[in-house]
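Subject: Structure for your files

Hello,

Here is the structure I said I would pass on. My notes on it follow below.

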Amino acid sequence: MPLTANWSYPTAIRFGAGRIAEIADACSAANIKKPLLITDRGLADMEITTRTLDLLEAAGLGRALFADVDPNPNEKNAAAGVQAFKDGGHDGVVAFGGGSGLDLGKLVAFLAGQTRSLWDFEDIGDWWTRADADAIAPIVAVPTTAGTGSEVGRASVITNSETEEKKIIFHPKFLPTVVICDPELTVGMPKFITAGTGLDAFAHCVEAFCSPHYHPMSQGMALEGMRLVKDYLPRAYADGTDLEARAQMMSAAAMGATAFQKGLGAIHALSHPIGAMYHTHHGTTNAVCMPAVLQFNKPAIAQIIGQASRYLNIEGGFDGFCAFVEDFNASLGIPRTLTEMGIENIDVDRVVAKALSDPSTTGNPVEMTAENTRRLLEACC
Ligand SMILES: [Zn+2]
């Protein structure tokens, strides 16, 4: 069965190998006539990026690229992107890349027409209502990794480079109007990015599944997303050109991000400050933290993880699932600890304080306190 389809939730998704050819049509569908393609520096000169720019140019939509985007994008990248958007007279964004390009692209489309400053829109209470919704430019999103799922998300994660905190900027109109999920764009991903991003999708599914809020739709999506990662990430890792595995991972990424409307938890609460302070890879950091977080949450999740294990054909209930996660990480070249990942002398007090104020904390099934979060972080080191 060819893995190609058009989906309409959570937004319009054109899924299938080779569908980047429809980029100009996707812009038209989103009512974009003069797009700014936003991606990160690492992707700027890659063939998948220049080919996409070629397609836009050939269709008469111009050729404009902004790639001054750090791996953990910050407010300076956002300001420069908004300037490029205004200077070029653009009317929409093609957000292209992994989490960095997608999040910064979405943020530029959001900010370009606003009069308030970026941090006024942080995802606290109803601050998103401060935005002028009519001034938000349309977005076409094109993921080139399979992990973040930001292509179907209604938020951007942005690092405040002064406070070294990852902040979430939320607005319903961050959700791209059209998404092109073309697994061929991911075949060139290096192994460690394939592993790290794939395990980010897995963390989204696991945390959403375990989060205590009532959301059965997300529950189902998270469970099937876990299965896709379990079955297909090893194949994508072993052979980057395995298009079926790449496609299934791209689905798992979108499913994880859709599912985590239900909630995230301690994995992301820890990895956000660690990533902001030590510039580690987001998905890899999540993977390193997952075994300790599972143990931390055991009293609240042993039963439902047991249910998930039956679906995933993992024997031994909760303990079997934990053993699977450790073996899975090892098979994908993931370090066992934050120290092994290269973080020496971690600033425990600061990471714990920032973790407790991270919005993901509220979705964790066991209440996080200064004391137990300290023990949890130490278990990850
Ligand atoms: Zn994540």
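This is a predicted model: local features need pLDDT of at least 70, side-chain atom pairs count only at pLDDT 80 or more; totals for chains, interfaces and linings use all residues.

Strand 3 (residues 35–38) and strand 4 run parallel and are joined by two bridges.

Helix 3 (residues 47–58) touches strand 3, strand 4 and strand 5 (92–97), and its direction makes about 175 degrees with that of strand 3. Helix 5 (residues 99–111) touches strand 3, strand 4, strand 5 and strand 6 (139–143). The direction of helix 5 makes about 170 degrees with that of strand 5.

The sheet itself is open and has seven strands in the order 1-2-9-6-5-3-4, with mixed pairing. Strand 1 (5–7) and strand 4 (65–66) are the edge strands; each has a single partner strand, so one side of each has no neighbour in the sheet.

Asn-77 belongs to helix 4 (residues 75–87). Is Asn-77 buried or exposed? Its relative accessibility is 4%, so Asn-77 counts as buried, the cut-off being under 20%. Leaving aside neighbours within four places in sequence, Asn-77 is in contact with Arg-41, Phe-66, Asp-68, Val-69, Asp-70 and Leu-104.

Next, the aromatic residues. The count of aromatic pairs comes to nine. In one of them, Phe-202 and Phe-324, the ring centres are 6.4 Å apart and the planes stand at 70 degrees, so the pair is edge-to-face. Phe-202 lies in helix 6 (residues 191–210) and Phe-324 in helix 11 (residues 317–331), so this pair ties together parts that are 122 residues apart in sequence. Both residues count as buried: Phe-202 has a relative accessible area of 2%, and Phe-324 comes to 15%.

Phe-324 also pairs with Phe-321. There the ring centres are 6.3 Å apart and the planes are at 50 degrees, so the pair is tilted. Phe-321 and Phe-324 are three residues apart in helix 11, which means a separation of about one helical turn. Phe-321 is buried too, with a relative accessible area of 0%. Which residues do the ring pairs link into a cluster? They are Phe-202, Phe-321, Phe-324 and Phe-328.

Last, the domains. The domain assignment of the protein gives domain 1 (5–185) and domain 2 (189–380). Their C-alpha centres lie 25 Å apart. Domain 1 puts 26 residues into the contact, and domain 2 puts in 30 residues.

Regards

Key: Residues are numbered from 1 along each chain as its sequence is written. Side-chain values use heavy atoms; hydrogens and water are left out. Two strands pair if DSSP finds at least two bridges between them. Helices (H or I, at least four residues) and strands (E, at least two) are DSSP runs, numbered from the N terminus. Contact means heavy atoms within 4.5 Å. Axes are lines fitted to C-alpha atoms, for helices over the stretch in contact, and angles run from 0 to 180 degrees between N-to-C directions. Rings of Phe, Tyr and Trp (its six-membered ring) pair if their centres lie within 6.5 Å; planes under 30 degrees apart count as stacked, over 60 as edge-to-face and the rest as tilted. Buried means under 20% relative accessible area, exposed over 50%, partly exposed in between (1.4 Å probe, protein chains only). Domain bounds come from an automatic or database domain assignment.
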